Amino acid sequence: MIEKTVWIVTKPSAYRAGHQCFLGSGETKASALEDAFGPKESWTSYTKRSIRDSAVYETSEEKCRLIQEIN
């Protein structure tokens with residue numbers, strides 16, 4: 001069985017050391033970023049800096065669910 005993968009976006013927590021805040025997810029990297037930060041057309045320079053500071057990676061749906069439950 002092939003496990004489906006998803007892209008997720010996380011960012012280090014500002015108040016809890018070592019904790020990652022879940023921001024969004026999607027079937028593609030672009031859709032995960034838009035889920036986390038809104039439509040690309042509305043991104044400001046601040047939003048783009050926030051994207052550079054975030055982690056965007058591909059993972060399994062199961063791990064994505066676990067990360068969402070923790071947050």
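Biologist: In what order do the three strands of the open sheet stand, and is their pairing parallel or antiparallel?

Modeller: Strands of a sheet pair through backbone hydrogen bonds, and the pairing can be either parallel or antiparallel. In this structure, which is a predicted model, the three strands form an open sheet in the order β2-β1-β3, and the pairing is antiparallel. β2 and β3 (55–60) stand at the edges with a single partner strand each, so one side of each is left without a neighbour in the sheet. Direction ignored, neighbouring strands of this sheet are turned by 35° against each other on average.

Biologist: Over how many bridges do β1 and β3 pair, and which residue in β3 stands opposite V6?

Modeller: β1 and β3 pair over six bridges in the antiparallel sense, and the residue of β3 that stands opposite V6 is T59. Helix α1 packs on the sheet, where it touches β1, β2 and β3, and its direction makes about 125° with that of β2.

Biologist: Which residues make up the largest nonpolar core?

Modeller: The general idea is that, in soluble globular proteins, nonpolar side chains tend to be buried together. Here the largest nonpolar core has six residues in all, namely V9, A32, L33, F37, W43 and I51, and the largest share of this core, three residues, comes from α1. Apart from this core lies another one, of five residues, among them V6, I8, F22 and C64.

Biologist: Which residues does W43 touch, leaving out those up to four places away in sequence?

Modeller: With those sequence neighbours not counted, W43 touches L33, E34, F37, G38, K48 and I51. L33, F37 and I51 also belong, with W43, to the largest nonpolar core.

Biologist: Turning to α2, which of its residues are buried, and which exposed residues does the face turned away from its buried side carry?

Modeller: A way to read such a helix is to list the buried residues and then to ask how they are placed around the axis. In α2 (residues 45–53) the buried residues are T47, S50 and I51, and they cover an arc of only 100° around the axis, which puts them on the same side of α2. These buried residues pack against β1 and α1, whereas the face turned away from the buried side carries the exposed residues S45, Y46, R52 and D53.

Biologist: How many salt bridges does the structure hold?

Modeller: Side chains of opposite charge can pair when their charged atoms come close. The structure holds three salt bridges. In one of them K4 pairs with E27, with the closest N and O atoms 3.5 Å apart; K4 lies in the segment before β1 and E27 in the loop between β2 and α1 (29–37), so this pair ties together parts that are 23 residues apart in sequence.

Biologist: How far apart are the closest N and O atoms in the salt bridge of E61 with K4?

Modeller: The closest N and O atoms of E61 and K4 are 4.0 Å apart, and the pair links distant parts of the chain, since E61 is in helix α3 (residues 61–70) and K4 in the segment before β1, 57 residues apart.

Biologist: Where do E62 and R65 lie, and by about how much of a helical turn are they separated?

Modeller: E62 and R65 are three residues apart in helix α3, and so they are separated by about one helical turn. Their side chains meet in a salt bridge of 3.0 Å, N to O, and both ends are partly exposed, E62 at 39% relative accessibility and R65 at 41%. Elsewhere, salt bridges that share partners join K4, E27 and E61 into one network.

Biologist: In the loop between β1 and β2, is H19 buried or exposed, and is Y15 buried or exposed?

Modeller: The two residues show how relative accessibility is read within one loop. Y15 lies in the loop between β1 (5–12) and β2 (20–26) and counts as exposed because its relative accessibility is 70%. H19 is placed in the loop between β1 and β2 as well, but H19 is buried, with a relative accessible area of 13%. Not counting residues up to four places away in sequence, H19 touches K11, P12, S13, I70 and N71.

Conventions: Residues numbered from 1 in each chain as written. Predicted model: local features only at pLDDT ≥ 70, side-chain atom pairs only at ≥ 80, totals over all residues. Heavy atoms only, no water. Helix = DSSP H or I, 4+ residues; strand = E, 2+ residues; numbered from the N terminus. Buried < 20%, exposed > 50% of the residue type's maximum accessible area, 1.4 Å probe, protein only. Contact = heavy atoms within 4.5 Å. Core = buried A, V, L, I, M, F, W, Y, C linked by side-chain atoms within 4.5 Å. Pairing = 2+ DSSP bridges. Axes fitted to C-alpha atoms, helices over the stretch in contact; angles between N-to-C directions. Arc of directions from axis to C-beta.
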